[in-house]
Amino acid sequence: MISSKAIDHQNFDIIIVGAGSAGIAAAIAAARRGARTALVEAGGMLGGELLTGMTIDGAINARGEQVSGGIIDMLLERCEAMGGFVRRLNDWRLIQYIAYDPEIMKIAIPQLVYEAGVKVFLNTFAEDVVGGRGRVDGVIVRNKAGRSLLSARVVIDCSGDGDICAAAGARMLPRGADERLQPVSMMFRMAGVETAPLLDFVVDHPEYFAMGESEVIRGGRSDNELAEEIRRQGQPCVFIKSDGALLADAIANGEMYPTALVMIQPTSEARREVCINSTRVTLDDPMHTTDLAAALSELTRQVDVCSRFLRAKVPGFANATLSGLAPRIGIRETRRVAGDYVLTVDDVKAGRKVPDGVAKGCHHIDIHGEGAGQIRIAIADGGSYDIPYGSLVPEHLSNVLMAGRCFSADRPAHGSARVMGGCLAMGQAAGTAATIACRQNSDDIDVRKVGIEELRSELKTAGAILEGVH
Ligand SMILES: Cc1cc2nc3c(=O)[nH]c(=O)nc-3n(C[C@H](O)[C@H](O)[C@H](O)COP(=O)(O)OP(=O)(O)OC[C@H]3O[C@@H](n4cnc5c(N)ncnc54)[C@H](O)[C@@H]3O)c2cc1C
């Protein structure tokens, strides 16, 4: 921490650091409720991982029930209104999710953020905090114009890496000595993919594809019947698995690098485009930017290798072209901040419901490992679990909240809740809680004094899904 000096100074009710799924949802929720809201983003676009082309997981459970509502609905309605591709899909493996066109999402997000009246800072890095005694009075940011102090009554850390909480001295949750962080990946897209031959290939060779990993999804069907369901869905939404001969042989003969799956999901019917999630490099700590930069060379090599493999070996890809790489290397896991409550693996697996739930998750426990390793554990009965308010409140800090990838959870629980449906819902909850906290007639705002019933009621009025979906 540093003391406040005579530098440029602006004042807000609420500052949100990080404009990924959690940060944009927090900012829209706060500003629509009248708070003077600043959104500080280190990069040059709004949306974080929402812009890469991956599907929104964790918004629809395996049974097909929606568990995340409100701002996510507003975003997807905007995408549809602009003719963007939006489809609810079953992966016939473990989960259901929402596919959308990331190019249209790039327009929908700024529309909603600016219409809400958020003050946006782009290319602006939050480097430190000002405060003490368990309070954060402001955030020191740096951009081309220099350094500034942005002060606020409540600060929400949506940086993914928990940068604000770390700068304020919060405790980070430990990782086991033998545990390595999940690999980083470069998502990419290919256009000109023909869906019919791809889906026929799935029906002819179901043994190459991941399917029916959850009993709720399998529903007593054989692999051949699941392959027919995938074809009936009519979308290029298929997962080539590393324990099937197609990928296993390619890895063995060096035609592919070791990976758990080649996940293929649609982004646009008009461009006949899919997003591919497959590349991976394991780092000791992706926050060490020199190591991250070094991984770019290997990740982009893997993009080239994987696109060649698909063109050569997978029907439907013969004439496909590489149409886009994610704007940055995707980071799945770094800091997890210790909160008043630590969401646990048992909460997640059992689909536990709690009275102070302010968001829900439903994605399977999904921990990517090195090489072909990946842990995938389904949620009980294909349902959902509650994310309690306490897991958004960092220990010992009174006017700070957090949402998204850095929230308080043990490692397996984090491996489930980290996906974008949950991050959007957590962000909406944190932004709403911050506006309720700002009603306190005090300079010493305490986010722990936010009434849970009031928060849940305001969230439900705004479309959040907090009841049912067992
Ligand atoms: C390769 C990969 C594949 C994935 N696949 C899926 C999937 O298919 N479906 C799914 O739902 N989820 C998926 N996930 C998980 C999901 O995308 C992320 O966990 C989620 O988007 C995190 O959201 P967030 O808002 O917490 O963080 P992010 O989206 O990472 O946003 C954080 C933002 O904060 C900014 N920032 C960071 N530090 C600072 C700072 N100090 N100052 C200012 N700005 C800062 C960053 O630039 C960034 O824009 C995947 C993740 C990865 C990496």
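Domain bounds here come from an automatic or database domain assignment. I note that the model is predicted.

**Domains.** I looked up the assignment first. It gives domain 1 as 8–177 + 333–461 and domain 2 as 188–325. I took the centres over C-alpha atoms, and 28 Å separate domain 1 from domain 2. I then listed the contact: domain 1 puts in 28 residues and domain 2 puts in 30 residues. On the domain 1 side, strand 5 (86–90) and strand 19 (374–377) each supply at least two residues. Strand 5 gives the most to that side, with three residues. I sorted the domain 1 side by class and got ten nonpolar, nine polar and nine charged residues.

**Ligand shell.** I turned to the ligand next. I found 38 residues around it, and the closest are G18, G20, G48, G330 and G404. Helix 1 (21–32), strand 4 (56–60), strand 8 (125–132) and helix 12 (420–437) are the elements that give two or more residues to this shell. By class, the shell holds 15 nonpolar, 15 polar and eight charged residues.

**Helix 1 and helix 12.** What is the angle between helix 1 and helix 12? It is about 35°, and the axes lie 7 Å apart. The crossing of helix 1 past helix 12 is right-handed. Helix 1 brings residues including G23, A26 and A30 to the contact, and helix 12 brings residues including C423, G427 and G431.

Technical notes. Residues numbered from 1 in each chain as written. Predicted model: local features only at pLDDT ≥ 70, side-chain atom pairs only at ≥ 80, totals over all residues. Near = placed C-beta within 6 Å. Helix = DSSP H or I, 4+ residues; strand = E, 2+ residues; numbered from the N terminus. Nonpolar A, V, L, I, M, F, W, Y, C, P; charged D, E, K, R; others polar. Contact = placed C-beta atoms within 7 Å. Axes fitted to C-alpha atoms, helices over the stretch in contact; angles between N-to-C directions. Left-handed = near helix turned anticlockwise from the far one by under 90°.
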